[in-house]
Amino acid sequence: MPDHNSLTDKRILVTGGTTGIGRATVRLLGEAGARIVTFGRNRDALDEAIETMVDATGLTADIATREGVQAVFDMVDSELGGIDMLVACAALGADPIDQMDDDAWRYVVETNLIGTMACARAALKRMEAAGGGHLLFVGSISAELKAPGESVYSATKAGLQAFAETLRKEVADRNIRVTVIQPGAVNTDMQEADDAEKRAAVESHEMLHADEIAEAIVFALTRGPQADVVTLRIEPRLQEMA
């Protein structure tokens, strides 16, 4: 049987770990024995999430700003003493570009793409000094579907996909792995439907549980040194394709 990578005592930063996929991922990583730093923009959501987590600490921060990224990695250094894995979940939904104010669509790009790239850059510096690591990005099938109404969101996720696939080639010889998880529709706060509608969509196989994406993330992080999960796409059985 191939070797698997244990998550016990792994130092992991999960961006956007207070809601949705990020929160489900922090819970599973904690149960697997990881040491975790996470953050969100809302203090109440952070406090609520941290109460249910194993060996996790967090802060309020906004990775759309340089100051926010610096604050996150200051905590990574002080609380974890370095980083073995980055799980980048933080993202915002968006309307079509012509239906958003100029500051609003730019903020989505700063959060989803530029902020994530900044976190990857900061993590890379620390991983390279430590001899290796794993960068995992939560993308979206929106990068492939390019559905009407998702011009801004799809652009950020397509950019993230291209960034990750290229970065993987740049850092593979440094013992740093890069993975993208591409979820389809998931029952998270990002969905515009109300809770009852989302539950119905899950029951009818048109939407996934956040835990199912978190399980895929754990799978990718626990492969042995001989395996590299490059892109993993996971959809509900009846994913809407337009």
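Predicted model: local features only at pLDDT ≥ 70, side-chain atom pairs only at ≥ 80, totals over all residues.
Helix α1 (residues 20-31) passes helix α8 (residues 210-221) in a right-handed crossing. The axes of α1 and α8 come within 8 Å and cross at roughly 50°. On the α1 side, the contact is made by Gly-20, Ile-21, Ala-24, Thr-25, Arg-27, Leu-28 and Leu-29. Facing them from α8 are Ala-210, Asp-211, Ile-213, Ala-214, Glu-215, Ile-217, Val-218 and Leu-221. Sorted by class, these residues are 10 nonpolar, two polar and three charged.

Now turn to a second pair. Helix α3 (residues 66-80) and helix α4 (residues 102-130) pack with their axes 10 Å apart, at an angle of about 30°. Angles under 35 degrees count as roughly parallel, and α3 and α4 are therefore roughly parallel to each other. Here too the crossing of α3 past α4 is right-handed. From α3, Val-69, Phe-73 and Asp-77 take part in the contact, while α4 brings Gly-115, Ala-118, Cys-119, Ala-122, Ala-123 and Arg-126. Six of the residues in this contact are nonpolar, one is polar and two are charged.

Stay with α4 for a moment and find Trp-105, which lies in this helix. Its relative accessibility is 22%, so Trp-105 counts as partly exposed. Beyond its neighbours within four places in sequence, Trp-105 is in contact with Ile-97, Met-100 and Val-152.

Val-152 takes us to helix α6 (residues 151-171), where this valine is one of the buried residues. Others buried in α6 include Tyr-153, Leu-160, Phe-163, Leu-167 and Val-171, along with Lys-157. The buried residues of α6 pack against α4, β5 (133-138), α5 (142-145), β6 (176-183) and β7 (231-234). The length of α6 can be checked as well: at 1.5 Å a residue, its 21 residues should span 30 Å, and the end C-alpha atoms are 30 Å apart, which agrees.

Finally, look at Ala-56, in strand β3 (residues 56-60). Setting aside neighbours within four places in sequence, Ala-56 is in contact with Val-26, Ile-36 and Ile-50.

Conventions:
Residues numbered from 1 in each chain as written. Heavy atoms only, no water. Axes fitted to C-alpha atoms, helices over the stretch in contact; angles between N-to-C directions. Helix = DSSP H or I, 4+ residues; strand = E, 2+ residues; numbered from the N terminus. Parallel < 35°, antiparallel > 145°, perpendicular 65-115°, else oblique. Left-handed = near helix turned anticlockwise from the far one by under 90°. Contact = heavy atoms within 4.5 Å. Nonpolar A, V, L, I, M, F, W, Y, C, P; charged D, E, K, R; others polar. Expected span 1.5 Å × (residues − 1). Buried < 20%, exposed > 50% of the residue type's maximum accessible area, 1.4 Å probe, protein only.
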